[in-house]
Amino acid sequence: MRSAVRRELAAAQVTEPPLRAAYVRCRQLNARHGRTYFLATRLLPAPRRPAVHALYGFARHADDIVDSGLSHDEATARLAALDATLRTALAERHSDDPVLAALTDTVTRYDIDPDLFTRFLRSMRMDLTTSDYPTRAALEEYVHGSAEVIGLQLLPVLGTVCDPDEAAPRAAALGSAFQLTNFLRDVAEDLDRGRVYLPADELAAYGVDRELLLWCRTVGHADPRVRRATADQVERTRHVYRRAWPGVALLRPESRPCVATAFTLYSRILDVIAEAGYDVFAGRAVVSAARRLALATGTMVRTWAGPPRRSAPLRRRQVSFEPTDPTKEWS
């Protein structure tokens, strides 16, 4: 076990060898699959990092069941088994499954509401039966369980300087903002899985439907109508980030650099999409490792220097939708 991992577990007072191994397993999942999330987590005080890894590990475990290519019946059965096993683990405060063992310990340590995991698994089950969302309200029902509850699970770990109920809506909004950003970045990959996570009525306002999205996926570039619809979705997502940002100042000071950095890194994905002329089919919007490090460093310095300002640090951009100039740089 590397010294950094040992220090984290020692700081968190995780001493039993099986439980230490369980947390290490969750940390490995976070490092492998959640690069941006993992980088931000490194900015937390060491005692709190294992709990974040445990929460991520459980979410990844459930998500992998949904996207594993299993038949509907088998995936449904595995999610039901996971739900039942989790309930037993939380009731008995023990599990032989490493991910659930770490999660159970985290839930107990930080008094996290078990119902948040019930809501999360409900949205995971929705992925097995729902492939389109007709309205924003329908999508928000899914996003509440798939993302907002993640923010609420993390809140006791991060700590607040106010009544947690005051910070909860901001934490939920940030979880939603991250998820909506993923939806925009992963439009093409989600289509390959048969899913569209953008409200159909909002797309239709720009003349976009599933068939047009599939055509864009086939040809490898976005139709102008799709770019206009994507620009609208980006601006809607920026609005969610703006709602979430004041919540950073409600967190304990030692947790703010982590969350502010995650905020900066994820919101930068929207900038990358915009810089590509909102063509989410030409390539996956990725913030380079060097850019992530630079953004993280700048955010850390600003956050440690003083309380986060109330307005969200999101740039407003304009773009030309003329077919002859699809990637015009904005000012």
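Student: Which residues do ring pairs link into a cluster?

Tutor: The cluster is made of Phe 178, Tyr 241, Trp 245, Phe 263 and Tyr 266, linked by ring pairs. Before going on, keep in mind that this is a predicted model, where local features need pLDDT of at least 70 and side-chain atom pairs pLDDT 80 or more, while totals for chains, interfaces and linings use all residues. Numbering runs from 1 along each chain as its sequence is written, and side-chain values use heavy atoms, with hydrogens and water left out.

What makes a ring pair? Rings of Phe, Tyr and Trp (its six-membered ring) pair if their centres lie within 6.5 Å; planes under 30 degrees apart are stacked, over 60 edge-to-face, and the rest tilted. By that rule there are 11 aromatic pairs. One of them joins Tyr 133 and Tyr 142, a tilted pair with 5.6 Å from centre to centre and 45° between the planes. Tyr 133 counts as buried because its relative accessibility is 3%, and Tyr 142 is buried too, at 3%. (Buried is under 20% relative accessible area, exposed over 50%, partly exposed in between, with a 1.4 Å probe and protein chains only.)

Now for helix H8, residues 136-158; helices here are DSSP runs of H or I, at least four residues, numbered from the N terminus. H8 has a kink of about 50° centred on His 144, the bend being the angle between axes fitted to the seven residues ending there and the seven starting there. Of the 23 residues in H8, 17 are buried. Gly 159 follows H8, with a positive phi near 80°.

A cavity is a set of points on a 1 Å grid over the protein atoms alone where a 1.4 Å probe fits but cannot get out, and lining residues have an atom within 4 Å of a point. The largest cavity holds about 50 Å³. Its lining includes Arg 136, Leu 139, Phe 183 and Tyr 197, and H9 gives the largest share, three residues.

H13 also contains Arg 225, which is partly exposed because its relative accessibility is 34%. Leaving aside neighbours within four places in sequence, Arg 225 is in contact (heavy atoms within 4.5 Å) with Tyr 206, Gly 207, Val 208 and Leu 212.

Technical notes. Helix = DSSP H or I, 4+ residues; strand = E, 2+ residues; numbered from the N terminus. 1 Å grid on protein atoms, 1.4 Å probe; cavity = no way out; pocket = protein on both sides within 12 Å on 5 of 7 lines; lining within 4 Å. Points joined across faces, edges and corners; volume = space filled by probe spheres on them.
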